[in-house]
Amino acid sequence: MNKRIIVVACISGVLAVSLGAFGAHALKSQVAAADLQVWETAVTYQFYHTLALVFLSTFSRFKRGLVNLSSWFFTLGILLFSGSLYLLATKGLMNIPELILLGPITPIGGIFFILGWISLLLAALKDR
């Protein structure tokens, strides 16, 4: 098991559960329904890619380079995609309308998710 990857996955999992609960309970009455949906999208994608990281931590002994690359792409995707959505969903609550400028960061995070899956695919195809 790759310790770095599993530690990152555990931290991301704790945050995903905590942020999901925060959204469901604390934010529900504080933000618009559309913003709550954005928050839920961030949590969902964070969970999907946290589980992918857990999987990668067990797979890392094979094709170490591509699997590690995939884990970095997934981690960056979580930070940029989910992170930007969390901030965008709460920009009104934090009274920082300038956070709307983070909008272009979200698709960059999505590209990192895609690159992570492509890296994992390449690792699988190279495995004998």
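User: How many helices and how many strands are there in the protein chain?

Analyst: The model is a predicted one. Read along the sequence, the protein chain follows the pattern α-α-α-α. The C-alpha atoms fill a box of roughly 50 × 25 × 20 Å, taken along the principal axes. The count for the protein chain is four helices and zero strands.

User: Are α3 and α4 roughly parallel or roughly antiparallel to each other?

Analyst: Helix α4 covers residues 105-126, and α3 packs against α4 at an angle of about 160 degrees, with the two axes 7 Å apart. An angle over 145 degrees counts as roughly antiparallel. The two helices α3 and α4 are therefore roughly antiparallel.

User: Which residue classes make up the contact of α3 with α4, and how many residues does each have?

Analyst: In this pair, α3 passes α4 in a left-handed crossing. The residues of the contact of α3 with α4 are sorted into nonpolar, polar and charged. The division is 20 nonpolar, eight polar and one charged.

User: Are α1 and α3 roughly parallel or roughly antiparallel?

Analyst: The axes of α1 and α3 lie 11 Å apart, and the two helices pack at an angle of about 20 degrees. Angles under 35 degrees count as roughly parallel, which makes α1 and α3 roughly parallel. Their crossing is left-handed. In direction, then, α1 is to α3 roughly parallel.

User: What is the volume of the largest pocket, and which residues are the closest to its centre?

Analyst: The largest pocket has a volume of about 180 Å³. Its lining is made up of 13 residues. Of these, the closest to the centre of the pocket are S12, L15, Q46, I78 and L79.

User: Which element gives the most to the lining of the largest pocket?

Analyst: The elements that give two or more residues to this lining are α1 (3-27), α2 (33-59) and α3 (64-89). By class, the lining has eight nonpolar, five polar and no charged residues. With six residues, the element that gives the most is α3.

User: Which residues are linked into a cluster by ring pairs?

Analyst: A search of the whole structure finds eight aromatic pairs. Two rings form a pair if their centres lie within 6.5 Å. The cluster linked by ring pairs consists of Y45, Y48, F81 and F113.

Technical notes: Residues numbered from 1 in each chain as written. Predicted model: local features only at pLDDT ≥ 70, side-chain atom pairs only at ≥ 80, totals over all residues. Heavy atoms only, no water. Phe/Tyr/Trp six-rings, centres within 6.5 Å; stacked < 30°, edge-to-face > 60°. 1 Å grid on protein atoms, 1.4 Å probe; cavity = no way out; pocket = protein on both sides within 12 Å on 5 of 7 lines; lining within 4 Å. Points joined across faces, edges and corners; volume = space filled by probe spheres on them. Nonpolar A, V, L, I, M, F, W, Y, C, P; charged D, E, K, R; others polar. Axes fitted to C-alpha atoms, helices over the stretch in contact; angles between N-to-C directions. Parallel < 35°, antiparallel > 145°, perpendicular 65-115°, else oblique. Left-handed = near helix turned anticlockwise from the far one by under 90°.
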